[in-house]
Amino acid sequence: MGTPSNRPSTSVEDYVKVIYDLQERGSGPVTISRVAERLAVSNSSVSGMLRKLGELDLVDHERYGAVHLTPTGTKVALAVLRRHRLIELYLVEALGYSWDEVHDEAEILEHVVSDQFVDRIADHLGDPTVDPHGDPIPTRDGEVVERDTRLLSELDTGVHGVIVRVNDSDPDLLRYLADQHISIGMQVELVERQPFGGPLVVRLGSQDEQRVQSLGVGAADALWIAAHP
């Protein structure tokens, strides 16, 4: 997996990366339909690729069951994610991209840069542990620092903490959050849940500069919080 020429194909890398991401975010079993939705392909296309991934010993998948990466599949996924997330961070830190612009660029570059190039990025940036969206960056050895986080939408009223991660799959949502001045490292407290699936009322900012505003469930579902004890 050191150079593009001896890696799995781009489609294989895309699939294992998405499966890992769905597993890692812990939002339920990884199913054919969820993978299809993330990759914007048909269920039948996913079924066909899963058979190929199974033959390559990258996934375990029983018919009508959940999809799981094998240890080999996990290793491939972590290598892709390391490249992807370091490229995203480099684009923000060195080239002035905003956090809603980097995902699509990294999707292309992750398949064509060498691991040596990515390691140089890591050295240049001081071996960072998270990307611009707070996603953990796997180490060279494929280790990931685990953090105890919960979605803002799942917090109990009165719980407060720090925003440490934002789902990066929707650029429009990232632009909305930026327009609302909501970012990684911001203090947040869930003040109230509006009834019948309405918006959440949150208190944002430090004690000196706090504001209260409503957030829709879609935005609250995209924000991961490290809650204070």
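The legends below describe close-up views of a predicted model.

**View 1. Helix α1, residues 10–24.** The end C-alpha atoms of α1 lie 21 Å apart, and this agrees with the 21 Å that its 15 residues should span at 1.5 Å a residue. Of the 15 residues of α1, 11 are buried, so the helix is mostly covered, buried meaning under 20% relative accessible area. The buried set consists of Val12, Glu13, Asp14, Tyr15, Val16, Lys17, Val18, Ile19, Tyr20, Asp21 and Leu22.

**View 2. The largest nonpolar core and the surroundings of Ile19.** This core holds 24 residues, and Ile19, Val35, Leu50 and Leu53 have the most contacts inside it. At least two core residues are supplied by each of α1, α2 (32–39), α3 (43–55), β2 (67–69) and α4 (71–95). Helix α1 gives the largest share, seven residues. Leaving out residues up to four places away in sequence, Ile19 touches Val30, Val35, Leu50, Leu53, Val59, Val67 and Leu69. Another core, of 21 residues, lies apart from this one; among its members are Val166, Leu173, Ile182 and Val188. In soluble globular proteins, nonpolar side chains tend to be buried together.

**View 3. Packing of helices α2 and α3.** Two packed helices are described by the angle between their axes and the distance between the axes. For α2 and α3 the angle is about 110 degrees and the axes are 9 Å apart. An angle of 65 to 115 degrees counts as roughly perpendicular, and α2 and α3 are therefore roughly perpendicular to each other. On the α2 side the meeting residues are Ile32, Ser33, Val35 and Ala36, and on the α3 side they are Asn43, Val46, Ser47 and Leu50.

**View 4. Arg85 in helix α4.** Is Arg85 buried or exposed? Arg85 has a relative accessible area of 3%, which is under 20%, so this residue is buried.

**View 5. The open sheet of six strands.** The strand order is β3-β8-β4-β5-β6-β7, and the pairing is antiparallel. The edges are taken by β3 (150–151) and β7 (211–215); each has a single partner strand, so one side of each is left without a neighbour in the sheet.

**View 6. Strand β4 and its partners β8 and β5.** Six of the seven residues of β4 (residues 160–166) are buried, so the strand is largely enclosed by the rest of the structure. Five bridges pair β4 with β8 (residues 223–227) in the antiparallel sense, and Val162 stands opposite Ala226 in β8. Three bridges join β4 to β5, also antiparallel. Here His160 has Glu189 of β5 as its bridge partner.

**View 7. Strands β5 and β6.** Strand β5 (residues 187–193) pairs with β6 (residues 200–204) over five bridges in the antiparallel sense. Which residue of β6 is the bridge partner of Glu189? The partner is Arg203. Glu189 is likewise the bridge partner of His160.

**View 8. Glu209 in the loop between β6 and β7.** With a relative accessible area of 65%, Glu209 is exposed.

Notes. Residues are numbered from 1 along each chain as its sequence is written. This is a predicted model: local features need pLDDT of at least 70, side-chain atom pairs count only at pLDDT 80 or more; totals for chains, interfaces and linings use all residues. Side-chain values use heavy atoms; hydrogens and water are left out. Helices (H or I, at least four residues) and strands (E, at least two) are DSSP runs, numbered from the N terminus. The expected span of a helix is 1.5 Å times one less than its number of residues. Buried means under 20% relative accessible area, exposed over 50%, partly exposed in between (1.4 Å probe, protein chains only). Two strands pair if DSSP finds at least two bridges between them. A nonpolar core is a set of buried Ala, Val, Leu, Ile, Met, Phe, Trp, Tyr and Cys residues joined through side-chain atoms within 4.5 Å. Contact means heavy atoms within 4.5 Å. Axes are lines fitted to C-alpha atoms, for helices over the stretch in contact, and angles run from 0 to 180 degrees between N-to-C directions. Angles under 35 degrees count as roughly parallel, over 145 as roughly antiparallel, 65 to 115 as roughly perpendicular and the rest as oblique.
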